[in-house]
Amino acid sequence: PSSRDIDAYIFFTSGTTGKPKGIATGHAPLQHFIQWHADTHRLNQGDRVSMLSGLAHDPILRDVFTPLSIGGTLCIPRQEILTDPSQLGPWISDNGVTLLHLSPALGQVLTEAPELTGVLDCPHLFCWGSESLTQTLVRRMKLIAPSAHHVNFFGATETPQAVAAY
């Protein structure tokens with residue numbers, strides 16, 4: 001078989017059926033997405049990307065391979081930082097994180113830490129996914145990180161990373 005026929009990874013999802021199933025995917029769609037992602041958002045070796053996704057969640061591939069493919073830096077917080085919004089915001093600033101891939105639920109956690117308003121001036125890009133993103137949450141995030149751009153990704157596990165972005 002050619003290298004295009006070889007599966008690179010398997011993710012598990014219940015999809016719309018509610019029945020867990022494994023999705024085997026080759027490397028080509030991920031490679032294409034990472035290149036598109038870097039080119040479209042003008043990412044470069046100066047970018048510092050946070051790894052906020054769990055190891056079993058498909059955004060982990062963006063979190064890890066985006067910075068590695070552009071010569072950027074992958075920033076990984078300790079678990080206790082992820083669960084404490086009073087630590088997560090300062091961690092983002094202290095590490096100079098420029099790109100965050102987050103779920104709206106994690107964004108909501110960040111907005112609920114009142115001491116964060118206006119302190120996140122290093123992120124220039126928030127990429128959202130996994131669940132519905134509301135205009136209210138984006139407005140609240142703009143209070144915390146006023147200069148950041150926001151991109152909403154949509155794509156099922158069966159379609160690696162994203163099939164649409166706004």
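The points below take the basis of the values, then the helix pair, then the rings.

1. This is a predicted model, in which local features need pLDDT of at least 70 and side-chain atom pairs count only at pLDDT 80 or more, while totals for chains, interfaces and linings use all residues. Residues are numbered from 1 along each chain as its sequence is written, and side-chain values use heavy atoms, with hydrogens and water left out.

2. The axes of helix H5 (residues 104-111) and helix H6 (residues 135-144) come within 10 Å and cross at roughly 45°; helices here are DSSP runs of H or I with at least four residues, numbered from the N terminus, and axes are lines fitted to C-alpha atoms over the stretch in contact, with angles from 0 to 180 degrees between N-to-C directions. H5 and H6 are therefore oblique to each other (under 35 degrees counts as roughly parallel, over 145 as roughly antiparallel, 65 to 115 as roughly perpendicular, and the rest as oblique).

3. In this contact (heavy atoms within 4.5 Å), Pro-104, Gly-107, Gln-108, Leu-110 and Thr-111 of H5 meet Leu-137, Arg-140, Met-141 and Ile-144 of H6.

4. Phe-33 and Trp-36 form a tilted aromatic pair, 5.6 Å centre to centre with 45° between the planes (ring centres of Phe, Tyr and the six-membered ring of Trp within 6.5 Å; planes under 30 degrees apart are stacked, over 60 edge-to-face, the rest tilted). Ring pairs link Phe-33, Trp-36 and Phe-153 into a cluster.

5. Phe-33 counts as buried at 5% relative accessibility, whereas Trp-36, at 32%, counts as partly exposed (buried is under 20% relative accessible area, exposed over 50%, partly exposed in between, with a 1.4 Å probe and protein chains only).

Notes:
Helices (H or I, at least four residues) and strands (E, at least two) are DSSP runs, numbered from the N terminus.
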